Amino acid sequence: MFSSLGEASTDSILALMRAYREDPRAEKIDLGVGVYRDAAGTTPIMAAVKEAERHLVETQETKSYVGLSGDETFNAAMARLVLGDAVADERVSAVQTPGGSGALRLLSELAATAGDRPILWVSAPTWPNHMAVGARAGLVCRSYRYFDPETHMPDTDAMLADLSEARRGDVVLVHGCCHNPTGADLDAAQWDRLTALVVERGLVPLVDIAYLGFGEGLEADAAGLRRMAAGVPEMLVSVSCSKNFGLYRDRTGVALVISPPHQRGAVQATLETLVRTNWSMPPDHGAAVVRTILADEALVEMWHDELATMRERIVALRTGLAEAMATHTGSDHYSFLKQHRGMFSLLPASAAQVEALRKDHAIYVTGDGRANLAGLLEDRLDRIAEAFTTVGM
Ligand code: PLP
Ligand code: TYF
């Protein structure tokens with residue numbers, strides 16, 4: 001049975017994580033995998049999460065199965081958190097998923113099941129798992145131009161030109177905020193232009209939002225997605241609680257589908273069929289934690305404060321690195337770091353420069369030059385800027 005198996009294709013980000021772990025150099029710096037770290041270099045459990053967990057331990061009475069779609073209270077609270085009041089409840093279907101990845105997989109399968117062989121359009125570049133998950137779910141994938149390396153910002157004209165080749169019913173994957181890997185987000189006017197094209201050509205947006213609250217704040221980060229949701233007849237949304245609740249390993253997310261009200265029953269039923277044939281029932285713990293936090297005013301406030309601290313730390317590190325680069329290069333070439341949002345920025349680094357950073361300076365960024373700025377430590381900014389300059393970046 002297994003003789004036909006070739007070398008397994010590995011996720012480049014996860015492979016880098018392993019290489020970092022195996023590097024014996026004490027001075028090594030991990031700017032690879034997208035995990036938030038505090039000033040001590042750790043990824044702590046948020047206090048609001050700890051509090052909710054304590055409450056759950058004391059009050060939870062059963063570990064019996066949750067339903068196929070998970071916890072309805074969690075789903076409704078997440079729909080509210082992400083969509084606000086942009087669309088009427090009667091248009092929204094929701095299922096709790098194992099992480100944002102579970103939501104992406106489910107929504108890709110929904111598109112493959114319901115659509116007429118739709119193409120999944122993803123930004124170039126994008127998170128490597130997007131195409132992999134889409135393809136595994138049976139979708140043909142194509143990419144649209146997104147990033148302008150000159151301005152370090154989105155190239156909307158190129159994006160819209162490429163997407164004008166999409167056929168009616170094709171799915172367009174859009175990053176909700178904090179674009180991974182570039183850090184370059186669409187502004188309100190760019191969201192509106194994309195929405196107009198989606199409506200005109202009958203496309204179905206799949207908005208993937210894994211960093212809500214990491215850019216400018218919960219409301220600001222959801223604003224573009226909500227503008228689009230209010231303007232389109234159909235939309236898919238994959239939401240991750242991994243980063244903004246720090247629940248990475250508890251695998252917590254939600255898949256939302258916006259449809260006309262009369263189709264909601266069929267959509268929800270199809271989602272549940274897909275759930276049953278994938279993981280049958282979602283894992284409970286992370287969603288129970290999120291539900292507990294979002295239902296309690298004091299915990300919500302605690303969570304907001306902690307999220308703000310994380311966001312402000314990332315913004316401060318962005319400014320710090322931009323300033324250190326200005327000092328080392330005598331130019332403002334790296335001021336784009338301050339325009340970018342979220343944990344990542346795509347640095348102007350060649351494959352050889354990425355390799356030199358790793359070999360000569362023990363600094364790990366992904367092969368395409370993506371740096372996780374939340375992996376920086378304040379007292380190393382100067383060393384990093386010096387290394388970037390030394391390798392000629
Ligand atoms: N989408 C993007 C853009 C991501 O960067 C990630 C990774 O964290 C995910 C989705 C999925 O996250 P998870 O499955 O860990 O919730
Ligand atoms: O982009 C990242 O680094 C995060 C973490 O298969 C991640 O999204 C990376 C790869 C992967 C799963 C999660």
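## Conventions and the shell of ligand 1

A residue is counted as near a molecule or strand if its C-beta atom, placed from the backbone, lies within 6 Å of it. The model is predicted, and local features need pLDDT of at least 70, side-chain atom pairs count only at pLDDT 80 or more, while totals for chains, interfaces and linings use all residues. Residues are numbered from 1 along each chain as its sequence is written, and chains are lettered from A and ligands numbered from 1 in the order in which they are written.

Around ligand 1 one finds Gly34, Gly99, Gly100, Ser101, Trp127, Asn180, Asp208, Ala210, Ser240, Ser242, Tyr248 and Gly253. By class, this shell holds 8 polar, 3 nonpolar and 1 charged residues, where Ala, Val, Leu, Ile, Met, Phe, Trp, Tyr, Cys and Pro count as nonpolar, Asp, Glu, Lys and Arg as charged, and the others, Gly among them, as polar. Helix α4 (residues 99–114) gives the largest share of the shell around ligand 1, with 3 residues; helices (H or I, at least four residues) and strands (E, at least two) are DSSP runs numbered from the N terminus.

The chain is assigned domain 1 (12–45 + 299–390) and domain 2 (65–295), with bounds that come from an automatic or database domain assignment.

The C-alpha centres of domain 1 and domain 2 lie 26 Å apart, and 27 residues of domain 1 are in contact with 26 residues of domain 2, contact meaning that the C-beta atoms of two residues, placed from the backbone, lie within 7 Å. On the side of domain 1 that touches domain 2, at least two residues each are supplied by α1 (12–22), α11 (297–329), α12 (336–339) and β11 (344–346), and α11 gives the most, with 7 residues. That side of domain 1 has 15 nonpolar, 8 polar and 4 charged residues.

## Helix packing

The axes of α7 (residues 188–201) and α8 (residues 218–231) come within 9 Å and cross at roughly 30°, axes being lines fitted to C-alpha atoms, for helices over the stretch in contact, with angles running from 0 to 180 degrees between N-to-C directions. The two helices α7 and α8 are therefore roughly parallel, given that angles under 35 degrees count as roughly parallel, over 145 as roughly antiparallel, 65 to 115 as roughly perpendicular and the rest as oblique. Their contact is made by Ala188, Trp191, Asp192, Thr195 and Val199 of α7 with Ala223, Gly224, Arg227, Met228 and Gly231 of α8, and divides into 5 nonpolar, 3 polar and 2 charged residues.

For α2 (residues 47–59) and α10 (residues 285–294), the axes come within 9 Å and cross at roughly 105°, which makes α2 roughly perpendicular to α10. Here Ala48, Val49, Ala52, Glu53, His55 and Leu56 in α2 meet Ala288, Val289, Thr292 and Ile293 in α10, a contact with 7 nonpolar, 2 polar and 1 charged residues.

## Backbone geometry

A cis peptide bond with omega about 0° joins Ala124 and Pro125, and Pro125 sits in the loop between β3 (119–124) and α5 (128–136). The bond from Asn180 to Pro181 is also cis, with omega near 20°; Pro181 is placed in the loop between β7 (171–175) and α7.

Arg117, a residue other than glycine, has a positive phi near 40° and lies in the loop between α4 and β3.
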